[in-house]
Amino acid sequence: MADKGSPRRPAGQDLEASRPDRIRNVVLVGPGGSGKTTLIETLLASSGVIGRAGSVRDGTTVCDFEDSEHAHERSISLAVAPLVRDGVKLNLIDTPGYADFVGELRAGMRAADCALFVIAANDGVDDATRTLWRECADVGLPRAVVITKLDQARADYEGVLLEAQDAFGDKVMPLYLPVHSGAAVSPGGAVTALAGLLSPSEHTDDALRGSLIEAVIEESEDETLMERYLGGEEIDEEVLVEDLEKAVARGSFHPVVPVCSVTGVGCAELLDLAVRAFPSPPEQVPPDVFTPAGALAGALSCDPAGTLVAEVVRTTSDPYVGRVSLVRVFSGTLVAESTVHVSGHFSSFFGAEAGHPDHDEDERTGALSYPFGRHLEPTTRVVAGDIGAIGRLTRAETGDTLSSVDEPRVLRPWSMPEPLLPIAIEARSKADDDKLASALSRLAAEDPSIRIQNNAETHQLVLWCMGESHASVVLERLAERYSVNVDQTPYLVSLRETFGGPAKGHGRHVKQSGGHGQYAVCDVEVEPLPEGTGFEFSDREVGGSVPRNFIASVEKGVRSQMERGVRTGYPVVDLRVTLTDGKAHSVDSSDMAFQMAGALALREAAASSMITVLEPYDEVSVVVPDDLVGGVMSDLSSRRGRLLGTDKVGDDRTLVRADVPQTELARYAIDLRSATHGSGTFKRSFAHYEPMPEEVARSVPMREHRA
Ligand SMILES: Nc1nc2c(ncn2[C@@H]2O[C@H](COP(=O)(O)OP(=O)(O)O)[C@@H](O)[C@H]2O)c(=O)[nH]1
Ligand SMILES: [Mg+2]
């Protein structure tokens, strides 16, 4: 096993790019385990950037460099590994394939100008990858496909090719066939060569070759080409290659390349394709940019001489190096040791609930570097279109925009996933408690897919996470990086109580044995009010039996009892309490005594009435493939949900809407994912409170109150 402590360095490469058109930012996406991280190793090794490809299992790859990635043997964060080929700098962006870490994937997509879908020949395309393809198509991100694991026993190149065409559309076409040591397409065994489909050879398949050529010609801007081809003319290979490259850069044609990570066969072809056909940053549409006041600013141009606009796509904290912010520069040039404007306006884009607090301030950048996995190669500048790392920015958080101090700008953030799995935690000791808040806010600055909630009603600290793996990585980071230990506790929802009908209560707080006594007596009538009305207090007592100044004390006592509940410990709501009678003592009555009597009166009224527990309902919107709708609906019903309706979404998906009690949704993020193999997504938003059925209410544990 190699030394995990020392990062791998790129050999013999000048990573400085000075022209945006000499940069390619390529994000690798695809199912977890399809071979993305390994493919980057293979590409780096085949280009001589690293001596030998590392392995995911041994924790020796360039891109999986975090401790938690080694522990889990899979990618958790996005990582960048540049390599230079033919004078073009290729920033390979590795992303995790597992759904819990989709936040990193989104950030990686933002930093890229095209996507490489990595599919394993022995596995195929999963639903999440189909959805991702559709999303890339929606924003016009050019895409290519790599098929890996050709050496696996169950590898089926042609089968996976058909699956990819079925999933992604018929503009997905192979440029090569893998040649195994024996026959052209017999699976199993390492791939020894590729056979190009554009040039005729003994290994090419004529049918595949014909459809590739036709597809390329269809994409050609030269309309005479098709006529000539159909007329029997042999079209020059160079013409075809040029048309193909243009179509790839436009995003209308998606080449498939097989790459064998065992032999490195296919690397050269893939890298050539990336250099020649993948779009450079100036060819892509930049994200919308605004002034800090919210006005749409003029479109960005990917020009090193322009005004600076960059975006933090990842933040890491290293105990030795400190905070490192990975940025994609969209315009201008980032210079080391300079002052930049940092703006994060999450609430204006996502609402106040989401992400980190808004900010707008100037900050000095520390050292600048080019990231190569964990290793940082020092540089003095990073031009538009490139990806760099800035040391020691303390304010900037993931998703923030960096711009020139004279011309502050805010980019519309990329779409961040919403964390839907609540994890309630408690500091293990006083020492942990002291460090917890600051550690959590640092973690949230790195990872916008965590949301921290302090629930005042349940007194719980809740981390909203993407799933169980995300939650365990967050808790590991808390423990390892910040030495904060926490325990998970059962997640509680904010229940309420209300009276089922009118009731009367008598509160008598009398203690007159020795010393200064206490004396207060009150009678109240309680009536439930319609939902959402709140609390009303009135006084109908006649003849001044309760002195004026103590009426307010009774109200205060009633209110404090309402806060503490009368049945399960959750607050009582929607109530009118009327003071009807009472008694006072000229010496022993006091504010405190009447507060006690008021509270007692409400408790007594509760004892003689039916107390209903109210529970919050969320409106849930679930989107699933059509064939899973039945299962989703019956599952929602079994969660005591009420179906509101269904709608078609696109060709093959359905939106199911339902009102569901929050108590039944605590693990829905996990359950929906496993029931739909990751293809289902949902959103939830608070709808209203409703009475909880008695049989459920009976098993609600008492809410504890802190002193
Ligand atoms: N046999 C074989 N195994 C591979 C190949 N590519 C990746 N693997 C293995 O598959 C597992 C997952 O690979 P990894 O690169 O972590 O996939 P990722 O999740 O897409 O980054 C690792 O154990 C790799 O060693 C390949 O081409 N052939
Ligand atoms: Mg990986």
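Modeller: Happy to. One term before we start: two strands pair if DSSP finds at least two bridges between them. Also, keep in mind that this is a predicted model.

Biologist: Good. Which strand holds the residue opposite Val510?

Modeller: Val510 stands opposite Tyr519, which is in S28. The two strands there, S27 (residues 503-511) and S28 (residues 518-528), pair in the antiparallel sense over nine bridges.

Biologist: How many residues sit between the strands of that hairpin?

Modeller: Six residues lie between S27 and S28, and in this hairpin Gly514 takes a positive phi near 75°.

Biologist: Which residues other than glycine have a positive phi?

Modeller: Glu337 is one of them, with a phi of about 50°. Arg392 is another, with phi near 60°.

Biologist: Where is Glu337, and why does Glu337 count as buried or exposed?

Modeller: Glu337 lies in the loop between strand S13 (333-335) and strand S14 (339-344). Glu337 counts as exposed because it has 10 C-beta neighbours inside 10 Å, and the cut-off for exposed is 12 or fewer.

Biologist: And where does Arg392 belong?

Modeller: Arg392 is in the loop between strand S19 (387-391) and strand S20 (401-403). With 14 C-beta neighbours inside 10 Å, Arg392 counts as partly exposed.

Biologist: What about Phe346, buried or exposed?

Modeller: Phe346 is buried, because 21 other C-beta atoms lie within 10 Å; a residue needs 20 or more to be called buried. Phe346 has its place in helix H10 (residues 346-350). The C-alpha atoms of Phe346 and Ala471 are separated by 23 Å, and these residues are 125 apart along the chain.

Biologist: Let's switch to the ligand. Which residues are closest to ligand 1?

Modeller: The closest are Gly35, Lys36, Thr37, Thr38 and Ser261, out of 22 residues that surround ligand 1.

Biologist: Which helix gives the most to that shell?

Modeller: Helix H1 (residues 36-46) does, with three residues. By class, the shell has 13 polar, five charged and four nonpolar residues.

Biologist: Zooming out, what is the domain assignment?

Modeller: The assignment gives domain 1 (20-199 + 251-283), domain 2 (289-411), domain 3 (421-489), domain 4 (496-609) and domain 5 (615-697). The centres of domain 3 and domain 4, taken over C-alpha atoms, are 40 Å apart.

Biologist: How many helices and strands does the chain have?

Modeller: The protein chain has 17 helices and 34 strands. Of its 707 residues, 46% are buried. The C-alpha atoms fill a box of roughly 110 × 55 × 50 Å along the principal axes.

Biologist: I also spotted an open sheet. What is the order of its four strands?

Modeller: The order is S23-S24-S22-S25, with antiparallel pairing. Strand S23 (451-455) and strand S25 (486-489) are the edge strands, each pairing on one side only. On average, neighbouring strands of this sheet are turned by 40° against each other, direction ignored.

Biologist: How many bridges join S23 to S24?

Modeller: Five bridges join S23 to strand S24 (residues 460-465), and the two run antiparallel. Leu463 in S24 is the bridge partner of Ile452.

Biologist: Which helices lie across S22 and S25?

Modeller: Helix H11 (residues 430-446) lies across strand S22 (421-427), S23 and S25, at about 145° to S22. Helix H12 (residues 468-482) lies across S22, S24 and S25, running at about 120° to S24.

How values were computed
Residues are numbered from 1 along each chain as its sequence is written. Chains are lettered from A and ligands numbered from 1 in the order in which they are written. This is a predicted model: local features need pLDDT of at least 70, side-chain atom pairs count only at pLDDT 80 or more; totals for chains, interfaces and linings use all residues. A residue is near a molecule or strand if its C-beta atom, placed from the backbone, lies within 6 Å of it. Ala, Val, Leu, Ile, Met, Phe, Trp, Tyr, Cys and Pro count as nonpolar, Asp, Glu, Lys and Arg as charged, and the others, Gly among them, as polar. Domain bounds come from an automatic or database domain assignment. Axes are lines fitted to C-alpha atoms, for helices over the stretch in contact, and angles run from 0 to 180 degrees between N-to-C directions. Two residues are in contact if their C-beta atoms, placed from the backbone, lie within 7 Å.
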